[in-house]
Amino acid sequence: MTAQNARLRRCGAALLCLVCAAVMVRSAFVGLEIDEEYALSLGFRLVSGDRLFYSMWEPHQLSALPAALVLALYTAIAGTTTGALLFVRAVVLVCKAAMSAVFYRDFKQTIGRHGALLSAVVLFVYTPKWFLGPDYISQQFHFTVAAFLCFYHYYTHGFRRPWLVVLGAVCACFSFLAFPQSALAAAVIFIGMVLLGRRGKEPTICKIPRGAVLFVLGCMACAAAFLAYVLPGMRLTVFLQRVSLILNDPQYDFTTSQRLALLASQALNTAK
């Protein structure tokens with residue numbers, strides 16, 4: 001009876017995965033939403049030669065980089081934009097499947113196989129909006145989860161594979177670009193890494209836990225690469241003036257200072 005129940009559970013789990021996979025694959029071929037078009041158009045503008053802060057004025061322009069990378073790859077291979085939307089959706093779907101697989105692998109010992117499987121399935125089918133396209137909200141969610149998975153594996157497997165911290169820092173930076181105000185979370189992540197490293201007696205660099213140092217270095221490398229991409233041909237003063245366009249989204253009726261104050265109050269409540 002036990003063997004039969006185990007077999008039924010395995011069959012049920014396999015059926016659940018197949019149904020969810022079929023639903024998500026189908027979603028890649030149907031629908032067309034204005035927010036998805038907007039996200040792809042931002043990326044395509046970069047591929048076409050437009051520049052951040054120079055010839056682009058959209059408040060969400062920093063979220064254009066991931067879409068631009070995928071579109072540049074597709075146009076380089078296919079030589080056309082025909083089918084680009086399907087390709088972008090397929091890339092997002094593959095990334096979601098990979099993240100779900102990693103989530104199941106790392107959490108099956110912690111919350112059990114069934115709990116890990118159900119959570120991984122939820123992660124796979126969940127989209128912050130109702131489409132697969134990489135708009136700024138979807139990017140922040142998925143890059144944040146990807147960073148968390150990198151950090152979690154590093155800290156729960158004896159501080160091995162330090163390259164995962166650097167990869168997590170890169171994912172976190174893409175999340176920060178999607179929502180620039182969320183870059184304040186970097187300080188919270190750093191403090192958490194210091195505390196976890198000291199508690200677990202992690203190897204140190206200059207008396208600071210290695211993971212925290214690698215996180216800072218990874219973020220600094222991303223910032224340097226970003227500035228090297230944006231600043232050529234643009235004076236720093238002009239760049240700083242135009243950054244205000246990112247911090248002041250015209251579709252919302254509150255200022256940058258009000259937004260930062262709200263974020264600070266939320267961080268304080270979380271700390272309490």
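Reply: Axes are lines fitted to C-alpha atoms, for helices over the stretch in contact, and angles run from 0 to 180 degrees between N-to-C directions. On that basis, α6 and helix α9 (residues 210-230) pack at an angle of about 155°, and their axes lie 12 Å apart. The model itself is predicted.

Me: What makes α6 and α9 roughly antiparallel or roughly parallel to each other?

Reply: Angles over 145 degrees count as roughly antiparallel. The angle between α6 and α9 is about 155°, and the two helices are therefore roughly antiparallel to each other. The crossing of α6 past α9 is right-handed.

Me: Which residues in α6 and α9 meet?

Reply: From α6 come F151, Y154 and Y155, which meet R210, G211, A212 and F215 in α9. By class, five residues of this contact are nonpolar, one is polar and one is charged.

Me: Why are α4 and α5 called roughly antiparallel?

Reply: Helix α4 (residues 84-111) and helix α5 (residues 113-125) pack at about 160°, with axes 8 Å apart. Since the cut-off is over 145 degrees, α4 and α5 are therefore roughly antiparallel to each other. As α4 passes α5, the crossing is right-handed. Their contact includes L93, F103 and I111 of α4, together with L117, L123 and F124 among the residues of α5. Twelve nonpolar, three polar and three charged residues make up the contact of α4 with α5.

Me: What is the mean pLDDT of the protein, and which elements have the lowest and highest values?

Reply: The mean pLDDT of the protein is 85, and 89% of its residues reach 70 or more. Among its elements, the lowest mean pLDDT, 66, belongs to helix α11 (residues 256-271), and the highest, 94, to helix α7 (residues 163-178).

Notes
Residues numbered from 1 in each chain as written. Predicted model: local features only at pLDDT ≥ 70, side-chain atom pairs only at ≥ 80, totals over all residues. Heavy atoms only, no water. Helix = DSSP H or I, 4+ residues; strand = E, 2+ residues; numbered from the N terminus. Parallel < 35°, antiparallel > 145°, perpendicular 65-115°, else oblique. Left-handed = near helix turned anticlockwise from the far one by under 90°. Contact = heavy atoms within 4.5 Å. Nonpolar A, V, L, I, M, F, W, Y, C, P; charged D, E, K, R; others polar. pLDDT = per-residue confidence, 0-100.
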